[in-house]
Amino acid sequence: MLEVIDVQRRYRSGRGTGPLTLEVAAGEVLGVVGPNGAGKTTLFGALCGADDFQTGTVRLDGRELGRRLPAEACGFLPEQSRLFPQLTARQACRFEAAMRVLDLDDTALEEQLDRFGCADFRDTEVRHLSQGMTRRLGIACAFLGTPRVVVLDEPLNGLDVEGVLLFRRALADYLDSGGIALMSSHILSVLDEVCERMVLLKDGLVAATVDVREGGAERAYLEIFGH
Ligand SMILES: Nc1ncnc2c1ncn2[C@@H]1O[C@H](COP(=O)(O)OP(=O)(O)OP(=O)(O)O)[C@@H](O)[C@H]1O
């Protein structure tokens, strides 16, 4: 289980996220939803080490980890790609493995590229990839080595139909193996399909935690935010 306890990351303006507390069970995707500026990206970035929480604790399977997930425990797909443009797809995968201290040989990296439909462009530099190809590669990197936690910020952005199907299959396999996922999406029907619970963020705080099975993500969202 992942427990994110009383974490906060506020900018000088007072905007940002927290204090907030979340729990995600093994085999679960927690949906994280909110209007633009609600604090999803700030939360995900600090949780995965791209930034820092100023307060709070992260606990994983009962272990206190301080204020962030260690790199080896967390696959992160940020909303904006952080893949280096001058690396090829294969090099980007290798770089991700090195960053997360994963002991994976070339065969494992090739298999990962294959699995996410990236094999045809394995030797192409990221700067020459389409948006959808870049997204597939980002997802392949996030799931590399089957980390204990994956954090997925708008994972479907830019994907084509095949990419969506590959993603959904990979997420289902990951959850079957006991993985823990946090996922944001502006497309609420996607959360209906993959989540049991969803948190609604408003001004960086948890406005509600909703059981998505009881009536759907869209109804819950409308109840909290109106329109
Ligand atoms: N680096 C930063 N410096 C100062 N303020 C920031 C910074 N990054 C984000 N913010 C502010 O913090 C708030 C939360 O932003 P954040 O990007 O986390 O929201 P979000 O929920 O991901 O939004 P979106 O759905 O538009 O991606 C916003 O008001 C934003 O303007």
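Student: Which residues in α4 do Ala89, Ala92, Cys93 and Glu96 of α2 meet?
Tutor: Some ground rules first: this is a predicted model, in which local features need pLDDT of at least 70, side-chain atom pairs count only at pLDDT 80 or more, and totals for chains, interfaces and linings use all residues. Residues are numbered from 1 along each chain as its sequence is written, and helices (DSSP runs of H or I, at least four residues) and strands (E, at least two) are numbered from the N terminus. Contact means C-beta atoms, placed from the backbone, within 7 Å. On the α4 side, the partners of those α2 residues are Leu137, Ala140 and Cys141.

Student: How many charged residues does the contact of α2 with α4 have?
Tutor: Sort by class: Ala, Val, Leu, Ile, Met, Phe, Trp, Tyr, Cys and Pro are nonpolar, Asp, Glu, Lys and Arg are charged, and the others, Gly among them, are polar. The contact of α2 with α4 has six nonpolar residues and no polar ones. Its charged count is one.

Student: Is α2 roughly parallel or roughly antiparallel to α4?
Tutor: The two helices pack at about 30°, and their axes are 9 Å apart. Axes are lines fitted to C-alpha atoms (for helices, over the stretch in contact), with angles from 0 to 180 degrees between N-to-C directions. Under 35 degrees counts as roughly parallel, over 145 as roughly antiparallel, 65 to 115 as roughly perpendicular, and the rest as oblique. The α2/α4 angle therefore makes the pair roughly parallel.

Student: What does the packing angle make α2 relative to α3?
Tutor: Helix α2 (residues 89-99) packs on helix α3 (residues 106-115) at about 120°, with axes 10 Å apart. Because of that angle, α2 is oblique to α3.

Student: Is the crossing of α2 past α3 left-handed or right-handed?
Tutor: A crossing is right-handed if the near helix is turned clockwise from the far one by less than a right angle, and left-handed if anticlockwise. The crossing of α2 and α4 is right-handed. When α2 passes α3, the crossing is right-handed.

Student: Which α3 residues make the contact with α2?
Tutor: From α2, the residues involved are Ala89, Arg90, Cys93, Arg94 and Ala97. By class, this contact has five nonpolar, one polar and two charged residues. The α3 side supplies Leu109, Gln112 and Leu113.

Student: On to the six-stranded sheet: which strands stand at its edges?
Tutor: It's an open, mixed sheet in the order β6-β7-β8-β3-β9-β10, where strands pair if DSSP finds at least two bridges between them. Each edge strand has a single partner, so one side is left without a neighbour in the sheet; those strands are β6 (74-77) and β10 (205-211).

Student: Which residue in β10 stands opposite Leu200?
Tutor: Strand β9 (residues 197-202) and β10 run antiparallel, joined by six bridges. In β10, the residue opposite Leu200 is Ala208.

Student: What angle does the direction of α7 make with that of β9?
Tutor: Helix α4 (residues 131-142) lies across β6 and β7 (149-153), at about 165° to β6. Helix α7 (residues 217-225) packs on the sheet too, touching β3 (29-33), β9 and β10. With the direction of β9, that of α7 makes about 25°.

Student: What about the four-stranded sheet: which strands are its edges?
Tutor: This open sheet is antiparallel, in the order β2-β1-β4-β5. The strands that pair on one side only are β2 (16-24) and β5 (63-64).

Student: Which residue in the turn between β4 and β5 has a positive phi?
Tutor: Two bridges join β4 (residues 55-60) to β5, and Leu60 stands opposite Arg63. The hairpin leaves two residues between the strands. With a phi of about 50°, the turn residue in question is Asp61.

Student: Which residues does the cis peptide bond join?
Tutor: Most residues other than glycine have a negative phi, and most peptide bonds are trans. Asp6, in strand β1, has a positive phi near 55°. The cis bond has omega of about 0° and joins Gly18 and Pro19.

Student: Which residues come nearest the ligand?
Tutor: The shell (C-beta atoms, placed from the backbone, within 6 Å of the molecule) has two nonpolar, eight polar and three charged residues. Its largest share, three residues, comes from helix α1 (residues 40-47). Of the 13 residues around the ligand, the nearest are Tyr11, Arg15, Asn36, Thr41 and Thr42.

Technical notes. Contact = placed C-beta atoms within 7 Å.
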